[in-house]
Amino acid sequence: MRLYLASTSPARRALLAQTGIEPVLVAPGVDEDAAAAAASASLGRDLTGPELVSLLAVAKASAVADTAVAGSPVDGFVFGGDSAFEVDGHLYGKPHDPEVARERWRQMLAAGGGTLWSGHCVVDRRRDRDATAAPTGGPGAARTEPPVSPGAGLGSWAASISGVAPGGSALVADGDRVVAVDSAVLTFADDVSADEIDAYVATGEPLEVAGAFTIDGRAAAYITRIDGAPSAVVGLSLPVLRSMLLRGFGVAWHDLWAL
């Protein structure tokens, strides 16, 4: 059974590969800033961490689900994911700029830690599924509305997602897709110096990752505690993805293994 990863993230691919799953990588081409701004404008307020990452996860999975990959329609499950780090009520995505990364590290260390939000969306595009066998509106049922576009805002799943507390998770079925959020609370070492921050930023590692750090790289030495799934901090929560497939579509984790 094929899993399409609506991402070009090496970290997400490596996570899946180490569990025996070889995903098909497809760049979703989603303008994340525009999607978030459109949803925020429609609500008349800033998005919460769970809302932001789930919105972008849905947008990415939806962008890939109905496209052709290598000239053929998608046949399998499509996974979209997104991450953001929240510190004292502020959401941090990718810093891109070294000085922005330095300032974020100063703020994160001053706060002592924060919450990593990880959004997930799985869309069922198995071509041989029996759509009539599933309950109407349930996972696997025939789709009765178009997929969410990058600017369409939050869907019917949002109410079950938006109130997730730091360290918690939520999962909701929505037609032929399942949307979920997981989170992990991180604690940073209390003796990280300015020289260490400068040296880390100089490597370039923190510039293109949410929160300006990654635990599967050089920043691991600066993180003293993780309350939650470590894989969620890397890029996707493996336990949550397993639960989405099993509870949403009746598919066992080992059915995706590349044997």
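Analyst: Start with the largest nonpolar core, which has 44 residues; L16, W105, L186, F213 and L245 touch the most other members. A nonpolar core here is a set of buried Ala, Val, Leu, Ile, Met, Phe, Trp, Tyr and Cys residues joined through side-chain atoms within 4.5 Å. Buried means under 20% relative accessible area, exposed means over 50%, and partly exposed is in between (1.4 Å probe, protein chains only). The element that gives the most to this core is helix 8 (residues 238-249), with six residues. Helices (H or I, at least four residues) and strands (E, at least two) are DSSP runs, numbered from the N terminus.

Some ground rules apply to what follows. The model is predicted, so local features need pLDDT of at least 70 and side-chain atom pairs count only at pLDDT 80 or more, while totals for chains, interfaces and linings use all residues. Residues are numbered from 1 along each chain as its sequence is written, and side-chain values use heavy atoms, with hydrogens and water left out.

L186 is one of the core residues that touch the most other members. Leaving aside residues up to four places away in sequence, L186 touches F85, G112, G113, G114, L116, F213, I215, I223, R225, I226 and V233; contact means heavy atoms within 4.5 Å. Another core, of 31 residues, lies apart from the largest one, and its members include L47, V58, V74 and V181.

D227 is in strand 10 (residues 223-227). The C-alpha atoms of D227 and L186 are separated by 6.4 Å, although the two residues are 41 places apart along the chain. D227 itself touches S183, A184 and V185, again not counting residues up to four places away in sequence. D227 counts as partly exposed because its relative accessibility is 32%.

Return to helix 8, where F249 is found. With a relative accessible area of 11%, F249 is buried. F249 and R177 are 72 residues apart in sequence, and their C-alpha atoms are 8.9 Å apart in space.

Two packed helices are described by the angle between their axes and the distance between the axes. Axes are lines fitted to C-alpha atoms, for helices over the stretch in contact, and angles run from 0 to 180 degrees between N-to-C directions. Helix 4 (residues 98-111) and helix 6 pack at an angle of about 140°, with 10 Å between their axes. The two helices are therefore oblique to each other. Angles under 35 degrees count as roughly parallel, over 145 as roughly antiparallel, 65 to 115 as roughly perpendicular, and the rest as oblique.

The crossing of helix 4 past helix 6 is right-handed. A crossing is right-handed if the near helix is turned clockwise from the far one by less than a right angle, and left-handed if anticlockwise.

Helix 2 passes helix 3 in a right-handed crossing. E32, A35, A36, A39 and L43 of helix 2 meet E51, L52, L55, L56 and K60 of helix 3. By class, this contact has seven nonpolar, no polar and three charged residues. A34 also lies in helix 2, and A34 is partly exposed, with a relative accessible area of 40%.

Two loop residues complete the picture. A212 sits in the loop between helix 6 (194-202) and strand 10. A212 is not a glycine, yet its phi is positive, near 70°; its relative accessible area is 0%, so A212 is buried. D88, in the loop between strand 5 (76-87) and strand 6 (90-92), likewise has a positive phi, about 50°, without being a glycine. D88 is exposed, with a relative accessible area of 66%.

Key. Nonpolar A, V, L, I, M, F, W, Y, C, P; charged D, E, K, R; others polar.
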